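Subject: Structure handover

Hi,

Here is the structure for you to look over. My notes on the helix packing and the cores follow below it.

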Amino acid sequence: MKKFSERLGFIESPRFLQIEGMSDALKNSLWNFVVSMFDAKDGEWLSAASWIAQFFRKVPVDELPHYDVRCREWTKAYFFSLHWYEIYDFIEFVADSYKNILRYGSLNREKIHAVCNKLFEQEYSGYRFVAGVLVPISNPAETSEISTAIEITSRAGLDGAHAHIQTALQLLAQRPEPDYRNSVKEAISAVESMVKQLSSSNAQGLAGALDELSKQLPLHGALRAAFVKLYGYASDESGIRHAILDEPNVGFDEAKYMVVVCSAFVNFLASKAQVVGLLK
């Protein structure tokens, strides 16, 4: 919720999501959360600084300060020296390493991601943790579709679709150079893999496999045709999969759209397949 002063127009609230930078408010909020992770007991900052020095900064651990408060100051000075994108790297690292740093800590990776996502939302960051990956997607409905698709494909044993969605997400989030074209390829391949596994089809491409699946699972003709055309967009010689062009022909918007839409279609197919007994 906006502050009173923002709601009444006394101060202007941020208008744009932060994609290529990080405000002081966001940076300070993230640091304050890091402090809350390691400030409960004596010795926690010693452990945190040692782990950060060894596995993130890659500096000699024997040069660390000897006292807990000094280790916090050492970590803070380093944190605030980082570029905005390196701070995201740092947050990812701390989330992944928390249980190694504090074996009996009260948080886990999922809880840390949830708190960070809340901070990202409050401070207008353009990034969110989605299925454990920090990606430039901030719409809750979009993140939900992707997370659900990854969860469903894992639970249902749809290994090919699961791997393709995860790879699509990782390529979208890849820094400093996102691989949008291959992200699109992996997204549509998730749909193709799922359809072929559900239908036991050996057909080339998506159209034949969808025709086979339609014999067991009711699919509206227009919806089927739409995904065949979408597959064609990502498959023909002027599209993504087989394009050998000097200039990339797809950007972030196209890649994000494909990852979200293909995840949503995977969720749709899974729901329909459960009804007719193709999935448990």
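Predicted model: local features only at pLDDT ≥ 70, side-chain atom pairs only at ≥ 80, totals over all residues.

On the α10 side, the contact is made by Gly 205, Leu 206, Ala 207, Leu 210, Asp 211 and Ser 214. They meet Arg 224, Phe 227, Val 228 and Tyr 231 of α11. By class, that contact holds six nonpolar, two polar and two charged residues. The two axes come within 8 Å and cross at roughly 160 degrees. An angle over 145 degrees counts as roughly antiparallel, so that is how α10 and α11 lie to each other. The crossing of α10 past α11 is right-handed.

α11 also packs against α9. Here the axes come within 10 Å, and the crossing angle is roughly 135 degrees. That makes α9 and α11 oblique to each other. The crossing is left-handed. From α9 come Ile 188, Val 191 and Glu 192; from α11 come Phe 227, Leu 230 and Tyr 231. Five of these residues are nonpolar, none is polar and one is charged.

Val 191 is worth a look in your viewer. Setting aside residues up to four places away in sequence, Val 191 touches Leu 206, Phe 227, Cys 262, Phe 265 and Val 266. Val 191 is also among the residues with the most contacts inside the largest nonpolar core, along with Ile 146, Met 194, Val 195, Phe 227 and Met 258. That core has 47 residues.

Which elements supply at least two residues each to this core? They are β2 (133–135), α7 (140–155), α8 (159–173), α9 (180–199), α10 (205–214), α11 (221–233) and α12 (252–275). The largest share comes from α12, with 11 residues. As background, nonpolar side chains in soluble globular proteins tend to be buried together.

Next, α2 (residues 24–38) and α5 (residues 84–101). Their axes are 12 Å apart, at an angle of about 10 degrees. The cut-off for roughly parallel is under 35 degrees, so α2 and α5 are roughly parallel to each other. α2 brings Leu 26, Lys 27, Leu 30, Val 34, Met 37 and Phe 38 to the contact. α5 brings Ile 87, Tyr 88, Phe 90, Ile 91, Val 94, Tyr 98 and Ile 101. The contact counts 12 nonpolar residues, no polar ones and one charged.

One more residue, Val 276, sits in the segment after α12. Is Val 276 buried, exposed or partly exposed? Its relative accessibility is 37%, so Val 276 counts as partly exposed. Beyond its neighbours within four places in sequence, Val 276 is in contact with Gln 216, Leu 217 and Pro 218. Val 276 and Pro 218 are 58 residues apart in sequence, yet their C-alpha atoms are 9.2 Å apart in space.

Finally, the chain as a whole. There are 12 helices and two strands. Their order along the sequence is α-α-α-α-α-α-β-β-α-α-α-α-α-α. The chain has 280 residues, and 44% of them count as buried. Take the contacts between residues at least 6 apart in sequence: 57% join residues at least 24 apart.

Best regards

Note on methods:
Residues numbered from 1 in each chain as written. Heavy atoms only, no water. Core = buried A, V, L, I, M, F, W, Y, C linked by side-chain atoms within 4.5 Å. Buried < 20%, exposed > 50% of the residue type's maximum accessible area, 1.4 Å probe, protein only. Helix = DSSP H or I, 4+ residues; strand = E, 2+ residues; numbered from the N terminus. Contact = heavy atoms within 4.5 Å. Axes fitted to C-alpha atoms, helices over the stretch in contact; angles between N-to-C directions. Parallel < 35°, antiparallel > 145°, perpendicular 65-115°, else oblique. Left-handed = near helix turned anticlockwise from the far one by under 90°. Nonpolar A, V, L, I, M, F, W, Y, C, P; charged D, E, K, R; others polar.
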